[in-house]
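Please read them alongside the sequence and the coordinates.

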Amino acid sequence: MNANELLNELRKFVLIKSGLRNIDPAHCKVISEYVFQETKNYVSETTIKRFFGFANTLHKFSLFTLNSLSQYIGYADWSAFCKERENHIPPSQSIWQTLKLKGHVITDVSLIATKNNSGVPFNHTANRNFFYPDFDYFLRNDYQFTTVSAQPGQGKSILLAHMVEHFFYSDHALYKNDIVLLINPTSINTVIQHGLTLKEWFAQEFKFESINELISFFKKNPDKREGRFVLIVDGVDEFLSKTSFFKIFINFLYSIEENNFFKIVFGLRTNIWINLQPIISSSAFLTKNWYNGLFYDIDILSNVPPLNTEEILHTLSRIEEKSITQNDVIPPLLKQFKTPFWLQIYAKLKDDNFSLELSDPLLCYELINYFLEKKIFLAKKSTEKIFLLKKISESISEGNKGPRVAKESILSFINYYPDAYEELLYDGILVEEKRLSTAIPTEIVRFLNDDIYTYFLFIQITECFDYKPGKEFFEYILKNFSSKTLLRHHILNWSIRFCINRNEIAELKNILKLPFTNEEKNNSFDFICTVAKYELSKSNSKFNKQSIDLDFIDILAMGRTMSTLYKETIKNISNNVLNEDAQIMLLVIECNIALIDIDKASLINAMQLLKRYYKRLNELFPINPYDLILYFHNSLINKPYDGKTLEDKIIKLCQQIDQSPSLKNAELTTAEILSYRMVLILLFARKNYAECHRFIMAILNRYPNIFYIRYSVFSPFLLLHLGQTYLKLNYYKKAQRIIEFVEKITESDYTYYTKFVSVGFSMLKANFYNCTHNYEQAVVETDNGLKMALQNDFKIYEIALLLLKIDSLKHCDNHEGVSNVIKELLNFLSTNKISMPDYANLNGGEFEQTFKVLKSYKT
């Protein structure tokens with residue numbers, strides 16, 4: 001036996017002694033402990049991992065290790081084990097079975113290496129059986145060569161490992177008699193460490209001087225052949241990138257004697273295949289014997305398509321140890337996971353106790369950041385690599401097939417740091433391709449992943465502004481990237497993450513204040529909430545309990561969206577903030593949310609906390625919000641409350657505002673926004689419409705241009721409230737002008753408004769049509785509003801709109817419709833276990849009796 005055979009024998013007996021049929025990295029610690037208990041010699045877990053191929057072996061195993069393991073299985077030492085195994089005479093077997101056993105030993109080691117290099121545990125990876133018929137066709141027909149070609153990270157090595165197990169190793173394998181020899185860098189490095197050439201190694205292992213000699217032998221002795229000999233060569237791209245090795249490889253292809261039983265499979269990256277394809281095309285022999293396969297894509301030179309949704313969900317379910325459906329994963333992440341290597345990054349993040357959910361858009365960016373940290377920022381030659389990547393991203397332009405650059409344009413940069421550039425290619429950051437559509441074929445360079453390109457594009461912008469993301473920074477993004485594009489969306493999200501990471505929160509207000517589109521503002525607001533929640537969960541974040549201040553509260557007040565994410569963010573930050581004034585503001589916002597959700601428990605809990613700050617509330621706000629909230633609380637629990645004293649305070653505040661000097665919109669504070677909003681809702685609920693109108697006019701006197709604010713939802717709220725007030729005062733033409741004005745500003749793409757505002761606008765229009773006796777149109781508008789309210793769980797609006805619809809249908813004499821909507825309303829209240837507060841009713845006086853009856857009805 002040679003050294004490799006003896007080592008494999010020792011591995012087999014160590015497994016038997018340890019009671020293991022198969023082994024994974026977790027078993028190595030157990031084996032280390034067993035060896036120590038048996039021999040009192042300590043062989044480390046790391047050494048055991050190297051011994052079984054779970055870690056790279058850069059040197060031969062020490063005699064101490066081999067002696068200890070030999071003693072563990074009952075021998076005096078390694079020498080005694082070797083001597084006994086040399087004298088062991090195996091049962092007679094055919095030359096084919098002998099070769100098969102040799103191949104099996106080598107393939108086993110290669111398979112272990114492939115499985116260990118998989119970031120996702122191998123048994124969690126998708127079994128890509130789309131390729132099975134293709135591979136089977138190649139084996140059964142008279143082709144000698146085939147390739148599995150793909151970009152880095154597409155999972156070609158894992159695919160080949162699955163092929164080996166399915167066709168040759170599994171219990172139900174189709175071709176158990178075939179010899180399969182899988183060679184990968186682990187196998188080759190082992191040969192090199194023993195000072196052999198591949199030809200010498202093949203002769204030593206298989207007792208044939210060359211592959212051609214083996215082929216000739218079985219052609220002359222067909223009776224000794226019991227199947228096919230399948231040679232699979234994978235992961236040798238680094239060797240083939242060197243000219244000398246590439247020539248040897250080409251000569252090897254030309255030298256293979258034509259036959260029908262020796263099959264070769266090459267796992268290649270597309271950049272190697274680019275150089276190999278012209279050589280094959282120019283040879284009639286190679287062209288005839290080369291099988292491209294059904295899935296070969298001539299544009300990208302690959303026959304490994306991206307993962308499909310079913311394959312992605314299969315792997316995620318294994319990683320998460322629960323069933324994952326398409327609804328659990330946001331679409332951008334599902335798209336990212338089409339490249340298997342992102343699943344590997346996700347699996348590693350999960351091992352690091354990463355807390356983000358698959359439904360969280362931040363996960364896409366954290367995956368990219370984690371990958372670049374490991375591959376670039378913490379790698380060797382990081383400075384050179386970062387320099388190259390920035391220069392390449394700066395030079396790239398958007399072509400018909402995505403962002404790319406001619407290699408000749410960046411050759412001067414490449415020549416500065418050729419080794420770093422080669423490593424970027426090998427690590428799968430950059431890709432070289434041929435552009436054949438031009439008069440003279442040229443080489444082009446692109447990032448393997450567009451998201452990585454976007455990241456380095458973003459880094460370029462931060463450098464241009466000395467890492468200071470101020471107004472000019474966001475104006476640059478606005479000017480240089482087209483609206484409603486994925487690129488600008490990603491750049492904005494990287495900017496948000498950058499600002500929150502550095503705790504430069506005030507700069508985020510620029511996104512809302514500059515003329516980004518409404519969709520971008522809403523998406524950005526949601527992403528701000530997402531990143532803030534995540535940063536608070538980290539132990540070393542600059543955005544933390546101590547650093548959260550009123551700037552962040554300002555943003556939350558400017559973008560009140562009432563989404564689930566918004567509520568979670570408010571709650572999360574409220575539980576973590578140490579700044580007392582910020583805590584107070586958040587508690588007031590929590591109370592607002594509870595009132596809209598008609599959530600008595602949450603309201604009472606927030607009020608109890610808020611009451612402790614009663615004195616400070618008087619100092620922070622123009623009117624104490626606790627008094628206002630208490631009124632709504634009593635309305636929710638149907639407790640009588642004399643609001644006369646509170647109304648007197650409001651009238652006094654109204655006079656103060658009215659008599660104050662005019663101010664610019666920028667001077668409007670969050671405390672004012674929160675107070676004014678509750679005051680107006682309270683006056684409206686108490687049906688004091690005249691005072692409601694006076695209060696809005698006082699605000700207008702203090703802030704003459706307030707209706708022209710396009711960066712806060714307070715402006716549209718004020719407009720909608722004024723419109724509803726005009727309806728109650730029978731100023732229908734004025735209400736109509738408000739509707740037309742809101743229609744106009746919401747058509748302007750950069751006006752910031754939310755779904756909550758949209759539902760409020762539908763309610764204003766429905767009420768207008770109701771007041772002007774256009775009841776059929778009122779029903780249409782209530783249905784539009786109800787659809788949005790239901791989708792976004794706006795409970796107070798659902799009740800208000802259903803009440804409006806009942807009133808409209810009553811005027812249409814649609815008694816059946818009225819009955820159905822009443823049932824719908826009562827069912828809604830019963831299902832959600834909520835009451836129907838007075839402030840939910842926007843209908844006129846004649847509806848009061850109906851409202852009282854409905855309110856008193858117990859389901």
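How many residues does the largest nonpolar core have, and which have the most contacts inside it? The points below begin with that matter, and it should be kept in mind throughout that this is a predicted model.

1. The largest nonpolar core has 204 residues, and those with the most contacts inside it are Phe337, Phe447, Phe695, Ile706 and Ile799. Helix H30 (residues 580-597) supplies the largest share of this core, namely twelve residues. Apart from it lies another core, made up of 42 residues, among which are Ile179, Val233, Phe249 and Ile280. In soluble globular proteins, nonpolar side chains tend to be buried together.

2. The surroundings of Phe337 deserve a look in the viewer. Once neighbours within four places in sequence are set aside, Phe337 is in contact with Leu307, Ile312, Leu316, Trp342, Leu343, Tyr346, Leu358 and Leu367.

3. As for the division into domains, domain 1 covers 3-87 and domain 2 covers 95-291, and the C-alpha centres of domain 1 and domain 2 are 29 Å apart.

4. The structure contains 39 salt bridges, and one of them joins the side chains of Asp427 and Lys385, with an N to O distance of 3.9 Å. Because Asp427 sits in the loop between helix H22 (418-426) and strand E8 (430-435), while Lys385 belongs to helix H20 (residues 382-395), the pair ties together parts that are 42 residues apart in sequence. Asp427 has a relative accessibility of 24% and therefore counts as partly exposed, whereas Lys385, at 2%, is buried. Both residues also take part in a network of salt bridges that links Lys375, Lys381, Lys385, Glu423 and Asp427.

5. A salt bridge between Lys567 and Asp597 has its closest N and O atoms 3.1 Å apart. Since Lys567 lies in helix H29 (residues 564-574) and Asp597 in helix H30, this pair ties together parts that are 30 residues apart in sequence. Lys567 and Asp597 are both buried.

6. The side chains of Lys538 and Glu535 meet in a further salt bridge, at 3.0 Å from N to O. Here Lys538 is partly exposed, with a relative accessible area of 30%, while Glu535 is buried, with a relative accessible area of 2%.

7. Is Thr746 buried or exposed? Thr746, which is placed in helix H38 (residues 732-747), has a relative accessibility of 18% and so counts as buried, the cut-off being under 20%. Its side chain reaches the backbone oxygen of Val742 at 2.8 Å.

Note on methods: Residues are numbered from 1 along each chain as its sequence is written. This is a predicted model: local features need pLDDT of at least 70, side-chain atom pairs count only at pLDDT 80 or more; totals for chains, interfaces and linings use all residues. Side-chain values use heavy atoms; hydrogens and water are left out. Helices (H or I, at least four residues) and strands (E, at least two) are DSSP runs, numbered from the N terminus. Buried means under 20% relative accessible area, exposed over 50%, partly exposed in between (1.4 Å probe, protein chains only). A polar contact is a pair of N or O atoms within 3.5 Å; within protein, one must be able to donate a hydrogen and the other to accept it, and residues adjacent in sequence count only if both atoms are side-chain atoms. Domain bounds come from an automatic or database domain assignment. A nonpolar core is a set of buried Ala, Val, Leu, Ile, Met, Phe, Trp, Tyr and Cys residues joined through side-chain atoms within 4.5 Å. Contact means heavy atoms within 4.5 Å. A salt bridge is a side-chain nitrogen of Lys or Arg within 4 Å of a carboxyl oxygen of Asp or Glu.
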